[in-house]
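Dear colleague,

Please find the structure below, followed by a short account of what was found in it.

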Amino acid sequence: MYGLLQFVVLALDELPTIKGVLTLGALGIVTHRLYFIRGEHHLQAPTYLKLWMLSSAALISTIFVAEVHELGANASQAALDTFRTFGLLGLFYFGPLFTSIVVYRLFEHRLRHFKGPRLAAVSKFWHLWKVLFTSNNDLLDQLYHKYGKIIRTGMRQESVRHGEDKPAR
């Protein structure tokens, strides 16, 4: 346990430096490029959320214990430092991770050549937000009218209008 706490203290000392920021940013980008870019990870979202919550609790606890035992901080100062450190870790890791995902979906994905709303290419939340205020059929009609017969409607989805543009009876 003593060795782990010393490692945590050394890692925390590196975090606010350029080296720490670049390391976390590179880790975020590499995580996307080597892992998240393949497969259908959106199907595993509940599992990832549980893992993130458990690992966050473990990390926060470890940072807090390191702050109190190794650095001799009082509990309130240690709690403040712990959440500041956890926030910086999240910002410096998840910021580049999500930026890498957005850049990939907009400029490198195999569906990038299909016309459609740019936000639809980035996230499913765009479509969810739109169908709260209109029906999916009306939304698709609007998109076909604006972008043509083949449109990109999501990160990995496209829609094709077949036949005549006559409304159903």
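**Findings**

Asp141 belongs to helix 7, residues 136-147; helices are DSSP runs of H or I with at least four residues, numbered from the N terminus. The model is predicted, so local features need pLDDT of at least 70 and side-chain atom pairs pLDDT 80 or more, whereas totals for chains, interfaces and linings use all residues. Residues are numbered from 1 along each chain as its sequence is written, and side-chain values use heavy atoms, without hydrogens and water.

With a relative accessible area of 37%, Asp141 is partly exposed; buried means under 20%, exposed over 50% and partly exposed in between, for a 1.4 Å probe and protein chains only. The C-alpha atoms of Asp141 and Arg161 are 9.1 Å apart, at a separation of 20 residues along the chain.

In helix 2, the buried residues are Gly20, Leu24, Gly25, Gly28, Thr31 and His32. They lie on the same side of helix 2, because they cover an arc of only 135° around the axis, taken from the directions from the helix axis to the C-beta atoms. The face turned away from this buried side carries the exposed residues Ile18, Lys19, Leu22 and Leu34.

Helix 2, helix 3 (45-70) and helix 4 (75-108) each supply at least two residues of the lining of the largest pocket. Helix 4 gives the largest share, 11 residues. By class, this lining has 23 nonpolar, 10 polar and five charged residues; Ala, Val, Leu, Ile, Met, Phe, Trp, Tyr, Cys and Pro count as nonpolar, Asp, Glu, Lys and Arg as charged, and the others, Gly among them, as polar.

Yours sincerely
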